[in-house]
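Please consult the sequence and structure shown here.

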Amino acid sequence: EAMIGKIAKLFLMCTLLLAGESFADLPYALKFSCSKSTDDVYTCDIEQLQSSKPTANTYTTWGSFLQAFQTEIESKLDISKNPSAKTDYSGFVIRFNSNIDFGGYQKTGDVITCRDATFAPMNFGPLAFQPTIDGNGKTIKNFCYIAEDVNAAFFSNLSNTTVKNITFSDAYVKAKTVSGAHLCGGACNASVVANTVQNVNFENVVVRGAVVYGWQTSTLAITAGTGNTDKNTPAVSLKKIKIDHVTLGMTPDVIAEHPMLDLIESAPSASGGIIADVGGHVSMEDSIKVLNLSVPDSISKIYKDVSGTEYIGNRYVGGIAGRFTPSARDADFTLDSIEVSADLSGLWVGGLFGRVSIDNDNLLGSSNFNVTNAKVTLNSPVYLGNTGDNRNRYFGGLVGEWIWLRGKVVLSNDTVDVSADWRGDKDFAGTAYMGGLAGFITGKEDGVSLVDVLAENNTVTAEMLTSSRNVYAGGILGRVNLEKD
């Protein structure tokens, strides 16, 4: 028996040597340490070992790491487990002290699997404090997450916090809807960094080389919103953001097993280079760049291939956000020196935003929208969804459709180069609004035009083609609506 045991052990060792490291593990083990700083802030440091040999209190999979990490932080900061958490501590900080390599994915035929299939998002919901997340200048690379029946992102939901000094490189993120028990609303969405954010500051954050698949897609967050329209507490604040070589789209398995496809046939979908859908006040300043962004028309083709019917929902796509509903309390909203280069396809398409609409139910006075010194290069292939029912289409170098009341829209010193080929196999029944800067601007209340548009010192190069039966097109603006529909 001893000899058999030795032979078995030798066989196992040879097998491990031939196979190398397990594809189920991270390339290198993770560890963390948490302590209370002199100013009573609970601080947790995360790092990845540089050796492939794990040691005590290290974790070779993300799942085992996360379980230990969540247990630790909840023991200190979850009020149900530590009632004195808010008096014991004054805040919470997570720091990354090394680059983190998740190892990416492998592809066998058409099937992609993550190297470490144990990933689940960090969750801070039950804690007394939301953490300040400091990447410390480090990179999270080859992050891979294929989620089923939940929205996919590195962090789940973030509120009242800051994410700073971090790079996400070569991420692969997918959200699949596979049962009626999913937790995603109509269908599941995907983003690299977070699912939803509320009053969150992103500063010095880079996402590059990412591929993101889901019903709605983005890089920093799927949705951003806030119940507070005070300008001091924005839904999201963006500072020194760079998005580069990112693809946002869909693969058949995102919805192939969805049990109720008819329920999402007319459901809206948004994709944005930074955030898919934004509501409330947004602060954007100090270098916002979205470069080499690709959002192809995968949703209409895949929905038809999977369901046999045409997708007829509203599809919003923008270099910054697909859909943007600014706060009605803002006296002034300014975007300065934003740079975008993108290939975007949708029903509403804009170099910055597919659609902008102010919340006119809560207007408190005049509100101005200024876009200045923007640099946009935009190409837009035809979108083949929603071809019937006289559905309108909107294209603009800056904004596809702009609904604005009681204030000026000022477009100044912007440089825009756009090309849109919206010709389909047949004529589209609806109207196409196409403009070098904006496709359609309207602002009206009780039948009275309230919009005030000023465009000056802009440089626009535009080539726009469409097979829509009715077209409003212009080098600067497609149409300014002065009448009540």
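Q: About how much space lies in the largest cavity?
A: The model is predicted, so local features need pLDDT of at least 70 and side-chain atom pairs count only at pLDDT 80 or more, while totals for chains, interfaces and linings use all residues. Residues are numbered from 1 along each chain as its sequence is written, and side-chain values use heavy atoms, with hydrogens and water left out. A cavity is a set of points, on a 1 Å grid over the protein atoms alone, where a 1.4 Å probe fits but cannot get out; its volume is the space filled by probe spheres set on the points, which are joined across faces, edges and corners. The structure holds 1 cavity of 30 Å³ or more, and the space in the largest cavity is about 30 Å³.

Q: How do the residues lining the largest cavity divide into nonpolar, polar and charged?
A: Lining residues have an atom within 4 Å of a point, and here they include Trp-215, Met-250, Ile-299 and Arg-315. Ala, Val, Leu, Ile, Met, Phe, Trp, Tyr, Cys and Pro count as nonpolar, Asp, Glu, Lys and Arg as charged, and the others, Gly among them, as polar. The lining divides into 3 nonpolar, 5 polar and 1 charged.

Q: Which residue forms a salt bridge with Lys-174?
A: A salt bridge is a side-chain nitrogen of Lys or Arg within 4 Å of a carboxyl oxygen of Asp or Glu, and the count comes to 10. For Lys-174, the closest N and O atoms of the pair are 2.9 Å apart. The partner lies 79 residues away, in the loop between β14 and β15, whereas Lys-174 is in strand β10. That partner is Asp-253.

Q: Is Asp-277 buried or exposed?
A: Buried means under 20% relative accessible area, exposed over 50%, and partly exposed in between (1.4 Å probe, protein chains only). Asp-277 meets Arg-323 in a salt bridge of 2.8 Å, N to O. Arg-323 lies in strand β19 and Asp-277 in strand β16, so the pair ties together parts 46 residues apart in sequence. Arg-323 is partly exposed at 22%, whereas Asp-277, at 17% relative accessibility, counts as buried.

Q: What is the relative accessible area of Glu-401?
A: Glu-401 forms a salt bridge with Arg-355, their closest N and O atoms being 2.8 Å apart. The pair links strand β27, which holds Glu-401, to strand β23, which holds Arg-355. Glu-401 is buried, and its relative accessible area is 6%.

Technical notes
On a 1 Å grid over the protein atoms alone, a cavity is a set of points where a 1.4 Å probe fits but cannot get out, and a pocket is an open set with protein on both sides within 12 Å along at least five of seven lines; lining residues have an atom within 4 Å of a point. Helices (H or I, at least four residues) and strands (E, at least two) are DSSP runs, numbered from the N terminus.
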